[in-house]
Amino acid sequence: MATKKTKIDIDALLNPSNTDFRMVQIMDEEGKIVNPDLMPELSDEELVQFMTDMVWSRILHERSTALNRQGRLGFYAPTAGQEASQLGSIAAIEKEDVLLPGYRDVPQLIKHGLPLTKAFLWSRGHAGGNEYPEDLKALPPQIIIGAQYVQTAGVALGLKKRGNKNVAITYTGDGGTSQGDFYEGINFAGSYQAPAIFVIQNNGWAISTPRHVQTAAPTLAQKAVAAGIPGIQVDGMDILAVYAVTKKAREYALAGNGPVLIETICYRFGPHTLSGDDPTRYRDDAELEGWQAKDPLIRMRKHLTEKGLWTEEKENEVIEAAKEEIKEAVQEADKAPKQKVSSFLKNMFEEPSFTTAEQIEIFEAKENK
Ligand SMILES: Cc1ncc(C[n+]2csc(CCOP(=O)(O)OP(=O)(O)O)c2C)c(N)n1
């Protein structure tokens, strides 16, 4: 393991022989720029947009939690604590790039173009939540841990073969890196130099399994070595660092060098999902409080306030706009026609197989009674 005292250089880390897995950080917990050399070129408007996105996401998290408790939403996997990791990485991605999210990656999906109403329908298990706009380059969130890594290798190879100048990006958690699919995905993409960005959001826990029993490997980024691709660890509570690393990874992949594995060090403040998990049964308050002090919103707020780019009024405006947007999207979702079994079956294949066609016929006959 590299313990070099040299300055970190993201370009130097983007090398399949890289063995330096020190965490890349640009902005510390106080909002100070500690690595100015790594600071990406960003206008004031772009910096403000980062904060706006994170506040929007935190509100979406809070409202989703409340709506779930009221029985007005179904499945929800909390995102608080992971805003910098999620929104910093998606900000480095272009509209024509393909996103393959996991169940916790709904904010990225919405930023990539999924209407919020559809995200709510998906949460409710409504087939309409899986019917995507034609121009949205994304798959619905994957529930099978790690499966999206294999699919991403295939999508990225497809983009390369078609000569598209785009990447495929995917996300899994620390637990996901123990799955066979994780290794198969990064290995296959590496051997074909497929333009993929594989993000591991290491939030410390896979439900109740802590990171330290997930693997004996000191970092998850170093899993890239076996696949012959670069692996980089980044401070996942620092939106500037996540953005800078993902942007460079995208350029590296598009230059024909193949995939990159990025490990974002972050934390899930809430429960695993709202389907019965109680984190107080497996982790203590001190750990949570330690991570709350690293909150990505706090440090960005401090940074922007110091620069004269953010105020309490501005934040309140963003909060109110987000609440209004969510309220309207829920009302819209409420208007969706009642769920039909035949809709699910029709959503399965472009051309239904003989047996699926038969089932569609049976269910439609029942539904039309
Ligand atoms: C193949 C598979 N095995 C088990 C599960 C059940 N399961 C759902 S989430 C989860 C933990 C995943 O943890 P991690 O990859 O760290 O992601 P996080 O939820 O923390 O974002 C497990 C085991 C599943 N969905 N798929």
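**Exercise 1.** How do the residues of the shell around the ligand divide into nonpolar, polar and charged?

*Solution.* Start with the ground rules. This is a predicted model: local features need pLDDT of at least 70, side-chain atom pairs count only at pLDDT 80 or more, and totals for chains, interfaces and linings use all residues. Residues are numbered from 1 along each chain as its sequence is written.

Step 1: Ala, Val, Leu, Ile, Met, Phe, Trp, Tyr, Cys and Pro count as nonpolar; Asp, Glu, Lys and Arg are charged; the others, Gly among them, are polar.

Step 2: read the shell. A residue is near a molecule if its C-beta atom, placed from the backbone, lies within 6 Å of it. The shell divides into 6 nonpolar, 7 polar and 3 charged residues.

Step 3: name the nearest. Of the 16 residues around the ligand, these are Ile145, Gly173, Gly175, Gly176 and Ala206.

Step 4: find the strands. β2 (168-173) and β4 (205-206) each supply at least two shell residues. Strands (E, at least two residues) and helices (H or I, at least four) are DSSP runs, numbered from the N terminus.

**Exercise 2.** Describe the span 312-339.

*Solution.* Step 1: check the record. An unreviewed UniProt entry annotates residues 312-339 as "coiled-coil region". Such annotations may be inferred rather than shown by experiment; feature names are shortened, and positions follow the numbering used here.

Step 1: check the model. The span is 82% helix and 0% strand. Its end C-alpha atoms lie 42 Å apart.

**Exercise 3.** What are the dimensions and secondary structure of the chain?

*Solution.* Step 1: count elements. The chain has 15 helices and 7 strands.

Step 1: take the dimensions. The C-alpha trace spans about 75 × 50 × 40 Å along its principal axes.
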